[in-house]
Amino acid sequence: MTTSTTSTGPDSVPDWQDRSAALADDLIAAGKLTSPQWRAAVENVPRHVFVPRFYLHRDGRMVALAADDPDTRQEWADTVYSNIALVTLLDQDENSGPVFLSSSSTPGLMTRMLEALDVHDGHTVLEIGTGTGLNAAWLTHRLGDKHVYSIDIEPDLVDTARARLAQLGYRPTLVTGDGAAGLPGHAPFDRIIATCSVPSIPWPWIEQTRVGGRILTDVRAGTNAGNLVHLTRTASDRAEGRFDAHSASFMGLRHTPGSDTRIPYTRSSSDSPTTTSTTTRDPQTPWTHPVVWFLAALRIGGRYQLGYTGNPQDGPPRAAFITTPDGSRADITLAPDDRGRHDVAETGPVRLWQHVEHAHQLWDQAGRPPWHRLGLLVTRETQTIYTDTSDTPLATLAATPST
Ligand SMILES: C[S@@+](CC[C@H](N)C(=O)[O-])C[C@H]1O[C@@H](n2cnc3c(N)ncnc32)[C@H](O)[C@@H]1O
């Protein structure tokens with residue numbers, strides 16, 4: 001595992017306040033930051049202290065930019081104060097490439113979420129996913145030490161974040177553990193914000209939010225399949241709310257530190273029979289129809305791989321594919337025939353493309369709702385996705401196991 005532990009004081013980037021102010025201006029211009037309180041947090045917390053080393057995808061591999069590397073230091077400082085996400089912890093695997101375990105999220109997404117959380121003076125907030133500690137620093141700048149709690153599954157990240165926060169005079173309560181269980185010893189909270197995604201809402205989060213309080217998280221059924229949802233605990237036995245109008249995505253919550261959440265890629269057995277059919281649906285549905293793909297992924301079960309066939313050096317891809325670890329696979333040709341139909345070849349125990357067809361039908365019947373017309377109603381027993389009102393259900397989420 002590759003981690004970053006280098007400590008960088010605020011003064012190591014002498015003009016950081018100018019850079020922070022410029023970043024805040026950029027976020028305001030982009031419509032991602034409006035309130036004076038959060039602007040003050042962005043301006044007064046030096047982001048570079050939280051990301052002394054990070055990794056960028058470049059020419060097909062991950063390269064490190066670091067404060068203590070003379071060759072990359074200038075680019076490091078320029079990138080830290082720009083509106084991009086920075087990978088800070090990754091697992092390198094020679095065979096299947098890097099897996100991201102932690103990152104400092106895009107500043108504009110962080111401010112958008114914090115503003116949507118509708119925090120007021122005196123509120124107590126629990127953050128799931130401490131990561132670098134930057135979001136905890138902004139929250140602590142806004143609310144004060146006693147009102148901010150943050151938990152991460154990675155002990156080293158929590159220790160490092162605590163030291164960075166203390167260096168700046170911030171002392172929120174940081175805990176190592178599985179955030180799926182919340183922090184029962186410190187509940188209730190006015191707000192819970194998760195900066196990792198969940199397949200469904202862990203019930204402890206509802207129980208630990210005051211009635212009237214809010215929860216903001218990314219609900220994600222698998223790759224490309226999910227979005228932020230804004231929930232309010234409307235009564236002791238439920239929480240309810242809408243998905244965000246704009247797409248955002250976070251890495252998944254994992255129940256053990258450093259664990260590998262990769263989905264194994266399984267080749268279909270060459271002797272399993274192939275079923276062929278045609279479709280008029282978009283073969284690139286996982287990339288072009290986010291709500292449809294979310295509904296399909298709920299049916300497929302979340303453990304799948306997506307991609308395009310062929311080698312980029314040999315020209316444009318010929319087909320899109322979906323595979324699952326049980327050996328099921330669907331290949332859908334990208335180019336339509338002269339009647340607008342695409343060939344579908346399915347093999348293995350599950351006809352994966354049929355789930356996509358079904359999701360398209362469901363979505364059509366519901367009036368093709370965009371994300372913000374989708375709601376989520378959470379009770380202890382069920383989690384229901386609906387269109388507009390909870391009496392028009394579309395799908396259900398499987399329960400997230402808690403520790
Ligand atoms: C996108 S990063 C969080 C960024 C962070 N808020 C910041 O300001 O840098 C997601 C984090 O979720 C953490 N995480 C994953 N599973 C978790 C769990 N079960 N409980 C708590 N944190 C978890 C990861 O270790 C990772 O640090």
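Tutor: We start with the ground rules, then turn to the ligand and to single residues.

Student: What should I know about the numbers?

Tutor: This is a predicted model, where local features need pLDDT of at least 70, side-chain atom pairs count only at pLDDT 80 or more, and totals for chains, interfaces and linings use all residues. Residues are numbered from 1 along each chain as its sequence is written, and side-chain values use heavy atoms, with hydrogens and water left out.

Student: Which residues come nearest to the ligand?

Tutor: Ser102, Thr132, Asp152, Asp178 and Gly179 do, out of 27 residues around the ligand. Here a residue is near a molecule if one of its heavy atoms lies within 4 Å of it.

Student: How do the residues of that shell divide by type?

Tutor: Nine are nonpolar, 13 polar and five charged. By the convention used, Ala, Val, Leu, Ile, Met, Phe, Trp, Tyr, Cys and Pro are nonpolar, Asp, Glu, Lys and Arg are charged, and the others, Gly among them, are polar.

Student: What about specific polar pairs? Start with the side chain of Thr132.

Tutor: One of its N or O atoms is 2.6 Å from an oxygen atom of the ligand. Such a polar contact is a pair of N or O atoms within 3.5 Å; within protein, one must be able to donate a hydrogen and the other to accept it, and residues adjacent in sequence count only if both atoms are side-chain atoms. At Asn135, a polar backbone atom is 3.0 Å from a ligand oxygen. Thr195 uses a polar side-chain atom, 3.1 Å from a nitrogen atom of the ligand.

Student: How much of the ligand does the protein bury?

Tutor: 99% of the 600 Å² that the ligand exposes when taken alone. Those areas come from the Shrake-Rupley method with a 1.4 Å probe; for residues, only the protein chains shown count as cover.

Student: And where does the ligand sit?

Tutor: In the largest cavity. A cavity is a set of points, on a 1 Å grid over the protein atoms alone, where a 1.4 Å probe fits but cannot get out. To sit there, a molecule needs more than half of its atoms within 2 Å of the cavity's grid points.

Student: Which elements give two or more residues to the shell?

Tutor: They are β4 (99-104), β5 (125-128), α5 (134-143), β6 (148-152) and β8 (189-198). The largest share, four residues, comes from β4. Helices (H or I, at least four residues) and strands (E, at least two) are DSSP runs, numbered from the N terminus.

Student: Back to Asp178. What does the side chain of His255 do with it?

Tutor: The two side chains make a polar contact of 2.5 Å. Along the chain, His255 and Asp178 are 77 residues apart, yet their C-alpha atoms are separated by 5.9 Å. His255 lies in the loop between β11 (238-243) and β12 (274-279).

Student: Is His255 buried or partly exposed?

Tutor: Partly exposed, because its relative accessibility is 35%. Buried means under 20% relative accessible area, exposed over 50%, and partly exposed in between (1.4 Å probe, protein chains only).

Student: You listed β8. What about Asp190?

Tutor: Asp190 is in strand β8. Its relative accessibility is 11%, so Asp190 counts as buried. Its side chain has a polar contact of 2.9 Å with that of Arg210.

Student: Where is the cis peptide bond?

Tutor: Between Ala187 and Pro188, with omega at about 5 degrees. Pro188 belongs to the loop between β7 (173-176) and β8.

Student: Which residues other than glycine have a positive phi?

Tutor: Asp118 is one of them, with phi near 55 degrees. Asn224 is another, near 65 degrees. Asp118 is in the loop between α4 (107-116) and β5. Asn224 is in the loop between β9 (209-222) and β10 (225-235). Asp118 is partly exposed because its accessibility is 28%; for Asn224, also partly exposed, the value is 33%.

Student: What about Val119?

Tutor: Val119 counts as buried, because its relative accessibility is 8%. Val119 and Leu143 are 24 residues apart in sequence and 8.6 Å apart in space, C-alpha to C-alpha.

Student: Last one: what does the side chain of Thr333 reach?

Tutor: The backbone nitrogen of Asp343, at 2.9 Å. Thr333 is in strand β15 (residues 329-333) and is buried because its relative accessibility is 12%.

Terms used: On a 1 Å grid over the protein atoms alone, a cavity is a set of points where a 1.4 Å probe fits but cannot get out, and a pocket is an open set with protein on both sides within 12 Å along at least five of seven lines; lining residues have an atom within 4 Å of a point.
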